[in-house]
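Have the structure open while you read.

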Amino acid sequence: MAKNERLEQLVERFCAADRLALARIITLVESGGDEAAALMEQLYGRTGRACVIGVTGSPGAGKSTLVNRMVAGYRQGGRSTAVVAVDPSSPFSGGSVLGDRVRMTEHWADPGVFIRSLSTRGWRGGLSRAARDVVRLLDAFGFDVVLIETVGVGQTELAIMDLADTTVVVTVPEGGDAVQVMKAGLNEIADLFVVNKSDRDGAGRLKAELQLSVELSGNKQGWRPPVLLTSALRNEGISELLDAVDRHIEFVRAGERAAAQAQRRVREFLDVLLGEIERRAGRAAASGAEPAVLALVREGRLNPYAAARRVLEYDGALAQVLGLGRGQPAAEPPASRQ
Ligand SMILES: Nc1nc2c(ncn2[C@@H]2O[C@H](COP(=O)(O)OP(=O)(O)OP(=O)(O)O)[C@@H](O)[C@H]2O)c(=O)[nH]1
Ligand SMILES: [Mg+2]
């Protein structure tokens with residue numbers, strides 16, 4: 001069967017809510033081949049409906065346990081839910097990802113739940129791009145809620161949290177006081193704070209400290225992050241958390257952050273563009289039909305800045321580097337511009 005025909009059928013099945021097609025398309029996008037961008041482009045029009053919720057916090061804070069409870073809560077409310085567990089630390093999708101699977105087993109037979117783990121392995125374009133593609137696909141597939149679990153606040157995690165309408169920061173009494181939470185930069189991204197493990201000593205105190213810190217740091221564009229107590233272990237405080245998330249999503253959707261949404265769309269476009277340039281340039285460079293400018297770079301005769309400028313400033317040079325086979329040779333610019 002022709003490749004295009006096969007893809008067309010796959011997209012058709014995806015649009016008919018076939019979960020096997022969803023899994024297959026995620027894998028295709030994961031492999032980062034030519035089909036990846038075409039699939040994303042085709043399916044993007046179906047996105048924009050899902051509530052995307054990021055859950056982050058320090059290792060062992062109880063994020064997975066909490067996410068599991070949230071999934072159960074959303075399912076009770078009749079909302080289909082997908083989970084993306086991102087594990088940047090583990091190249092072998094080891095410990096916690098396996099743990100996720102173990103804890104998520106209660107949902108395995110539920111067609112309204114989809115769980116996918118992402119580790120650094122296999123994603124050529126980087127983890128945050130991978131997470132974005134997967135979140136968009138799950139949204140396009142029709143999940144009402146997409147939960148993203150990630151650890152900490154590194155560059156990758158921040159980029160991933162940028163995908164979320166609502167970011168929940170999970171803290172624990174034993175994780176230190178509010179000053180440490182604020183120092184870690186978590187207040188920058190938190191739309192909601194959760195003090196999990198409320199069954200342990202010090203939870204009430206941490207909640208009060210966090211509330212004070214939130215008050216002192218002022219409103220986030222008209223939104224004051226609430227601080228909630230949960231015990232994921234004992235299944236306490238979950239419906240209050242889900243209500244608070246809903247309130248925040250309503251707030252976001254009310255358009256008060258239209259400018260922020262617009263900026264996010266532009267960031268997404270630039271990231272997609274850069275990702276595609278990287279991918280295509282890499283493939284063109286590996287294909288053997290080397291553009292002249294690349295040969296000069298390879299031989300050390302043109303420095304990377306001069307080469308980049310040349311590619312961006314000369315008609316058709318970029319297309320050539322991307323292996324599109326159009327345009328003028330980029331290796332012969334006027335001497336004055338070298
Ligand atoms: N006492 C108590 N323990 C909890 C609670 N929530 C989770 N735990 C326990 O904390 C440990 C870590 O829970 P996880 O849900 O794996 O935490 P995590 O934040 O996902 O961990 P990583 O993904 O490895 O960063 C497990 O032993 C849980 O049973 C809670 O509310 N109270
Ligand atoms: Mg976890």
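Let's start with strand E2 (residues 81-87), which runs parallel to E4 and is joined to it by 5 bridges. One of the contacts to look for is Thr 81, whose bridge partner in E4 is Val 145. Keep in mind that this is a predicted model.

E4 also pairs with strand E1 (residues 51-57): these two run parallel as well, with 7 bridges between them. Here Val 55 stands opposite Glu 149 of E4. Most of E4 is covered, with 6 of its 7 residues buried.

| Residue | Relative accessible area | Class |
|---|---|---|
| Ser 64 | 6% | buried |
| Glu 149 | 9% | buried |
| Phe 114 | 9% | buried |
| Phe 143 | 3% | buried |

Now for the helix that brings in Ser 64. H4 covers residues 63-76, and at 1.5 Å a residue its 14 residues should span 20 Å; the end C-alpha atoms are 20 Å apart, so the two agree. Its buried residues are Lys 63, Ser 64, Leu 66, Val 67, Asn 68, Met 70, Val 71 and Tyr 74. After H4 comes Gly 78, which has a positive phi, near 80°.

Last, the rings. The structure holds 4 aromatic pairs. In one of them, Phe 114 and Phe 143 have ring centres 6.1 Å apart and planes at 45°, so the pair counts as tilted. Why does this pair tie together separate parts of the sequence? Phe 114 belongs to strand E3 (residues 113-119), while Phe 143 is in the loop between helix H6 (127-141) and E4, so the linked parts are 29 residues apart in sequence. Ring pairs also build a cluster out of Phe 14, Phe 114, Phe 141 and Phe 143.

Definitions and conventions
Residues are numbered from 1 along each chain as its sequence is written. Chains are lettered from A and ligands numbered from 1 in the order in which they are written. This is a predicted model: local features need pLDDT of at least 70, side-chain atom pairs count only at pLDDT 80 or more; totals for chains, interfaces and linings use all residues. Side-chain values use heavy atoms; hydrogens and water are left out. Helices (H or I, at least four residues) and strands (E, at least two) are DSSP runs, numbered from the N terminus. The expected span of a helix is 1.5 Å times one less than its number of residues. Buried means under 20% relative accessible area, exposed over 50%, partly exposed in between (1.4 Å probe, protein chains only). Two strands pair if DSSP finds at least two bridges between them. Rings of Phe, Tyr and Trp (its six-membered ring) pair if their centres lie within 6.5 Å; planes under 30 degrees apart count as stacked, over 60 as edge-to-face and the rest as tilted.
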